[in-house]
Amino acid sequence: MIVVFLGPPGSGKGTQAKGLSRQLGLVHISTGDLLREAVRKGTELGKRAREYMERGELVPDSLMIALIEEVMPQEGGFILDGFPRTVMQALALEEMLKKHGKELDKVVLFELPEGVVVDRLSGRLTCQGCGAVYHVKYNPPKEEGICDLCGSKLVQREDDKEEVVRRRYKVYKEQTQPLVEFYRGRNILTSLDAGQSLEEVSRRLLEVLKNGG
Ligand code: AP5
């Protein structure tokens, strides 16, 4: 199964993709995680992407399409979390899949209003070691500031400051939201209310992916 998770920043795409990929045996491809790793390692991609990410803007399509071409698994299913984010990326994805005799099975839209996005992201904590995601209120670690899974330190992401979050949300509305109509037209889009509890969103997501709706 090949699935795209679409939705505004902080809508829970990464959290759900991490759990679901383990449950369903799908590879989780998060473009945000890949870019942050590239920035940390100081690779050519990281150097070029950094300033866009810090401003809360999208990294240019050409870089993102090349990245996906490089990491897309040849075999088995996967979840794309954070790609595509523009119509040009969506068209490139269709081409790539077609070249490998594959097609996209489902697009899940995580719907969440801006006020909740800010609340979610201002309390998000991310593990420096394994990338696991927590929330001070809604999903706290067992020991404050420490990752339950690998014991590394939890930090706040640079782009989770309120002004950058608002910019990211605006960019989402302008450049990524058009994909909702794009995928509705392909008849593979299902929306879910991402404002519900973590458990309820997971339950609904499994229902959508296993039974198709
Ligand atoms: P990226 O890392 O993809 O950021 P994003 O899409 O803005 O998504 P987030 O990671 O912020 O949120 P999420 O939906 O995964 O939510 P999470 O599960 O963490 O991209 C970062 C940057 O990279 C972009 O701004 C751009 O510059 C660049 N980039 C990446 N891909 C690109 C592309 N294709 N093209 C161009 N540029 C690209 O949850 C958030 C918080 O809420 C957590 O604390 C979590 O614990 C909590 N939470 C989750 N679910 C619930 C729930 N149901 N109830 C209560 N709390 C919850």
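The axis of a helix is a line fitted to its C-alpha atoms over the stretch in contact, and the angle between two axes, taken between their N-to-C directions, runs from 0 to 180 degrees. The model on the screen is predicted.

**First selection: helices H2 and H3**

Select residues 31-41, which form helix H2, and residues 44-55, which form helix H3. Their axes come within 8 Å and cross at roughly 115°. H2 and H3 are therefore roughly perpendicular to each other, and H2 passes H3 in a left-handed crossing.

Now display the side chains at this crossing. On the H2 side, select Gly-32, Leu-35, Arg-36, Ala-38 and Val-39. They meet Leu-45, Gly-46, Ala-49, Arg-50 and Met-53 of H3. By class, this contact of H2 with H3 comprises six nonpolar, two polar and two charged residues.

Continue with helix H4, residues 61-71, and helix H5, residues 87-99. Here the axes lie 10 Å apart, and the helices pack at an angle of about 25°. An angle under 35 degrees counts as roughly parallel; H4 and H5 are therefore roughly parallel to each other. The crossing of H4 and H5 is right-handed.

Which residues of H4 and H5 meet? From H4, show Asp-61, Met-64, Ile-65, Ile-68 and Glu-69; from H5, show Met-88, Gln-89, Ala-92, Met-96 and Lys-99. The contact of H4 with H5 contains six nonpolar residues, one polar residue and three charged residues.

Move to helix H7, residues 162-176, and select Arg-168 within it. Is Arg-168 buried or exposed? Its relative accessibility is 12%, and Arg-168 therefore counts as buried, since buried means under 20%. Next, display the residues in contact with Arg-168, leaving aside its neighbours within four places in sequence. They are Pro-9, Gly-56, Leu-121, Arg-124, Arg-157, Asp-159 and Asp-160.

**Final view: the whole chain**

Clear the selection and show the entire chain, which has nine helices and eight strands. The radius of gyration of the chain is 16 Å, close to the 17 Å that the globule rule gives for 213 residues, so the chain is as compact as a globular protein of that length. Of the 213 residues, 47% are buried. Among contacts with a separation of 6 or more, 70% join residues 24 or more positions apart.

Definitions and conventions:
Residues numbered from 1 in each chain as written. Predicted model: local features only at pLDDT ≥ 70, side-chain atom pairs only at ≥ 80, totals over all residues. Heavy atoms only, no water. Helix = DSSP H or I, 4+ residues; strand = E, 2+ residues; numbered from the N terminus. Parallel < 35°, antiparallel > 145°, perpendicular 65-115°, else oblique. Left-handed = near helix turned anticlockwise from the far one by under 90°. Contact = heavy atoms within 4.5 Å. Nonpolar A, V, L, I, M, F, W, Y, C, P; charged D, E, K, R; others polar. Rg over C-alpha atoms; globule rule 2.2 N^0.38 Å. Buried < 20%, exposed > 50% of the residue type's maximum accessible area, 1.4 Å probe, protein only.
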